[in-house]
2 protein chains.
Amino acid sequence: MTTRVPRTRVDVERGARVERPDTVVVEEPLEIRVGETAVTATMRTPGDDFDLSLGHLLTEGMVGSAHDVAAMMHCTDVDEDGSPTFNVVEATLAPGTSLLRPARERTQSMTSACGVCGSASVDAVRTSSRFPVADDPIVLDPAVIAALPDALEARQSVFARTGGVHAAGLAMPDGTLLTVREDVGRHNAVDKLVGAAARERELPLAGTVLVVSARASFEIAQKASVAGIPVVVAVGAPTSLAVDLARELGMTLVAFTRGPRFSVYSRPDRVLG
Amino acid sequence: MTTRVPRTRVDVERGARVERPDTVVVEEPLEIRVGETAVTATMRTPGDDFDLSLGHLLTEGMVGSAHDVAAMMHCTDVDEDGSPTFNVVEATLAPGTSLLRPARERTQSMTSACGVCGSASVDAVRTSSRFPVADDPIVLDPAVIAALPDALEARQSVFARTGGVHAAGLAMPDGTLLTVREDVGRHNAVDKLVGAAARERELPLAGTVLVVSARASFEIAQKASVAGIPVVVAVGAPTSLAVDLARELGMTLVAFTRGPRFSVYSRPDRVLG
């Protein structure tokens with residue numbers, strides 16, 4: 001997940017300038033295909049590519065279950081020098097299965113007249129979930145919530161703790177972390193996590209908590225809802241649309257989880273008082 | 001750029017739980033169209049939508065100059081209740097002008113056989129720049145570089161300094177910030193900045209520095225190169241592909257710019273020793 005690169009370290013105060021190689025997170029494009037159709041290309045950190053691909057198909061609402069994907073294979077491209085340049089995962093759907101919705105990209109490139117402004121894209125952005133997270137009976141001890149970011153960080157690799165990588169974890173109501181995944185992109189970290197979890201158990205991931213090292217954006221809340229996760233706990237700030245979506249769906253949204261303090265933006269009734 | 005939302009503030013240590021509305025950054029989808037074709041949909045912070053649209057078209061290599069866009073208009077959609085739900089900017093190209101490359105989304109949804117794995121998408125991800133940033137004679141005093149993050153932060157709104165918003169600034173070699181733009185998405189902040197700058201002067205933005213509050217990912221370096229900006233200074237970590245691209249193009253890439261220290265990952269000869 002990391003690589004060494006040349007680096008010149010400068011300290012203005014000390015007037016120092018040293019050449020010292022640095023370790024940086026690897027970022028490479030991955031194309032995800034279903035059959036021969038490219039459904040997306042994303043900049044990701046290599047590793048857990050099958051988790052990422054399955055998770056992306058699930059959280060974008062393109063497949064409903066891990067069983068809908070019969071096989072996944074890597075398919076590597078080479079450049080003029082014969083060295084691999086680009087990674088492709090090709091997923092094969094189970095017999096009799098087809099994509100539940102088209103790839104977001106295709107929807108975006110549709111042409112539509114201005115009278116129905118944006119409706120195709122609104123639909124593309126808002127993937128309705130089949131799972132009513134509002135009904136999930138999960139409740140959480142505030143001390144468990146406050147401890148989640150440290151637990152997540154403890155499960156990250158040493159490099160990840162030094163910067164540049166986002167982490168996503170799936171926790172039980174007692175704070176036990178079932179699975180942790182890391183990526184240069186926060187959406188990819190969540191996709192990897194959901195993909196990994198969906199191989200272990202059927203969706204919805206009821207009774208669990210999604211913990212993210214990053215901000216709580218609309219897409220993070222959206223992906224959680226599609227996976228049937230009733231609680232999202234973020235270290236960073238929430239966005240307005242993430243709050244709107246959480247309130248609309250009855251998802252518990254916690255953000256600014258730092259030290260003993262956190263803020264609940266939706267469904268605080270699930271946090272024991 | 002911000003909105004008030006309900007919030008329950010919890011402090012585990014003090015056993016405190018108070019209801020206190022919070023200010024969060026607004027995140028809403030924007031669809032950018034050229035004529036009747038949707039070229040992208042992005043989650044962005046409303047404001048500077050024309051800068052964002054123009055900047056996106058420029059940094060994705062779809063138009064070569066601000067003059068190629070004759071007009072931009074807002075086109076607002078309404079939901080069932082008649083309230084606006086989705087924003088669309090429709091750009092009209094100047095007579096005789098056409099898109100230099102198709103929208104990334106269309107390339108991604110092309111079908112290709114596995115023998116030419118990923119080539120369509122590699123091309124989609126890597127937008128070649130027309131401007132040789134390697135030849136830019138800019139040189140920088142290390143003290144100027146170290147001061148850029150504070151200068152950027154001073155130009156952000158009060159809320160932005162409290163979390164949740166990324167900033168991008170365009171600086172002169174003496175550290176003067178010409179323009180600053182903010183957005184919930186770091187790519188959008190750069191697009192807004194380039195769009196704003198491209199209305200003032202022709203590309204390339206030679207002799208300038210792009211300062212970003214976030215990490216230096218591939219796409220940030222890419223957008224800078226397409227705009228002809230020879231130096232990128234990031235507060236956060238760089239990714240491997242950003243370093244690779246900067247070294248390939250001869251762009252100066254500075255990251256981890258914190259206090260008196262920073263790290264130069266490419267073309268350190270432009271940093272006075």
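In which sense do strands E12 and E13 of chain A pair, and over how many bridges? Strand E12 (residues 231–234) of chain A pairs with E13(A) in the parallel sense, over three bridges. The views below are of a predicted model, in which local features need pLDDT of at least 70, side-chain atom pairs count only at pLDDT 80 or more, and totals for chains, interfaces and linings use all residues. Residues are numbered from 1 along each chain as its sequence is written, chains are lettered from A and ligands numbered from 1 in the order in which they are written, and side-chain values use heavy atoms, with hydrogens and water left out.

**View 1. Overview of chain A.** Chain A contains eight helices and 14 strands; helices (H or I, at least four residues) and strands (E, at least two) are DSSP runs, numbered from the N terminus. Of its 273 residues, 60% count as buried, that is, under 20% relative accessible area with a 1.4 Å probe and protein chains only. The accessible surface of chain A comes to about 10300 Å², and 52% of this belongs to carbon and sulfur atoms; areas come from the Shrake-Rupley method with a 1.4 Å probe.

View 2. Six of the seven residues of E13(A) (residues 252–258) are buried. Together with helix H8 (residues 240–249) of chain A, E12(A) and E13(A) make a right-handed β-α-β unit: with the strands pointing away from the viewer, the path from the first strand over the helix to the second runs clockwise. E13(A) is also joined by four bridges to strand E14 (residues 261–266) of chain A, and these two run antiparallel. Ala255(A) stands opposite Ser263(A) in E14(A). The hairpin of E13(A) and E14(A) has two residues between the strands, and Gly259(A) takes a positive phi near 60° there.

**View 3. An open sheet with strands from chains A and B.** Eight strands follow the order E3(A)-E2(A)-E14(B)-E13(B)-E12(B)-E11(B)-E9(B)-E10(B), with mixed pairing. Strand E9 (residues 166–171) of chain B pairs with E10(B) in the antiparallel sense over six bridges, and Ala167(B) stands opposite Glu182(B) in E10(B). Helix H6 (residues 186–200) of chain B lies across E9, E10 and E11 (209–212) of chain B, at about 140° to E10(B).

View 4. Val180(A) belongs to strand E10 (residues 177–183) of chain A and counts as buried because its relative accessibility is 12%. Leaving aside neighbours within four places in sequence, Val180(A) is in contact (heavy atoms within 4.5 Å) with Leu152(A), Arg155(A), Ala168(A), Gly169(A) and Leu193(A). Leu193(A) is 13 residues from Val180(A) in sequence and 6.5 Å from Val180(A) in space, C-alpha to C-alpha.

Terms used
Buried < 20%, exposed > 50% of the residue type's maximum accessible area, 1.4 Å probe, protein only. Pairing = 2+ DSSP bridges. Axes fitted to C-alpha atoms, helices over the stretch in contact; angles between N-to-C directions.
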